[in-house]
Amino acid sequence: MNLRAKIPNKPRFVAAYSAPPRALASISPDVNDPGFRNINFDSLVESYTESIRGLLYGGADTLMVETIFDTLNAKAALFAIEQYFETHNVRVPIMISAR
């Protein structure tokens, strides 16, 4: 049972974050091969979707896309969130932490 149900007169809210994977979609991990990528957009979306599913199932009240400095990773995260919202007919606020 969650805390909101146990103590309804003391509401609590959960802001859950989805950290980016270690791989970057816009930047090559190999300085000798600037065109190389070790992950693609679809793989990022799949990874973020799995994270979103778990966070919302666990009771998150808002989602935070954490520590984004690769804009393609941010786009994949936001795309996955919107796709999940549409597919599951759910909406929660979204925050982005960027640097």
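This report covers the nonpolar core, an aromatic pair, a surface patch and selected contacts in a predicted model.

**Core**

The largest nonpolar core holds 17 residues. Those with the most contacts inside this core are Y48, I52, L56, L63, I81 and F85. At least two residues of the core come from each of α2, β2 (62-68) and α3. Helix α3 makes the greatest contribution, with six residues.

F85, one of the residues with the most contacts inside the core, touches L56, L63, V90, R91, V92 and I94 when residues up to four places away in sequence are not counted. Two of these partners, L56 and L63, are also listed among the core residues with the most contacts.

**Aromatic pair**

The model has one aromatic pair. F41 and F79 form this pair, with 5.8 Å from centre to centre and 55° between the planes. The arrangement is classed as tilted, because a stacked pair would need planes under 30 degrees apart and an edge-to-face pair planes over 60. F41 lies in helix α2 (residues 41-57) and F79 in helix α3 (residues 71-88), so the pair ties together parts that are 38 residues apart in sequence.

**Accessibility of selected residues**

The table lists relative accessible areas for residues discussed in this report.

| Residue | Relative accessible area | Class |
|---|---|---|
| F41 | 23% | partly exposed |
| F79 | 42% | partly exposed |
| L78 | 33% | partly exposed |
| T49 | 17% | buried |
| M95 | 35% | partly exposed |

T49 counts as buried because its relative accessible area is 17% and the cut-off for that class is under 20%.

**Contacts of T49**

T49 is located in helix α2. With residues up to four places away in sequence left out, T49 touches A80, Q83 and Y84.

**Surface patch**

L78, I94 and I96 make a nonpolar surface patch of about 230 Å². L78 belongs to helix α3 and is partly exposed, at 33% relative accessible area. I94, a member of the patch, is also among the residues that F85 touches.

**Strand β3 and M95**

M95 is placed in strand β3 (residues 94-98). Apart from neighbours within four places in sequence, M95 is in contact with A15, T62, L63, M64 and V65. M95 and P29 are 66 residues apart in sequence, and their C-alpha atoms are 27 Å apart in space.

How values were computed:
Residues are numbered from 1 along each chain as its sequence is written. This is a predicted model: local features need pLDDT of at least 70, side-chain atom pairs count only at pLDDT 80 or more; totals for chains, interfaces and linings use all residues. Side-chain values use heavy atoms; hydrogens and water are left out. Rings of Phe, Tyr and Trp (its six-membered ring) pair if their centres lie within 6.5 Å; planes under 30 degrees apart count as stacked, over 60 as edge-to-face and the rest as tilted. Helices (H or I, at least four residues) and strands (E, at least two) are DSSP runs, numbered from the N terminus. Buried means under 20% relative accessible area, exposed over 50%, partly exposed in between (1.4 Å probe, protein chains only). Patches are made of residues with over 30% relative accessible area and no salt bridge: like charges are joined within 9 Å, nonpolar side chains (Val, Leu, Ile, Met, Phe, Trp, Tyr) within 5 Å. Accessible areas come from the Shrake-Rupley method with a 1.4 Å probe; for residues, only the protein chains shown count as cover. A salt bridge is a side-chain nitrogen of Lys or Arg within 4 Å of a carboxyl oxygen of Asp or Glu. Contact means heavy atoms within 4.5 Å. A nonpolar core is a set of buried Ala, Val, Leu, Ile, Met, Phe, Trp, Tyr and Cys residues joined through side-chain atoms within 4.5 Å.
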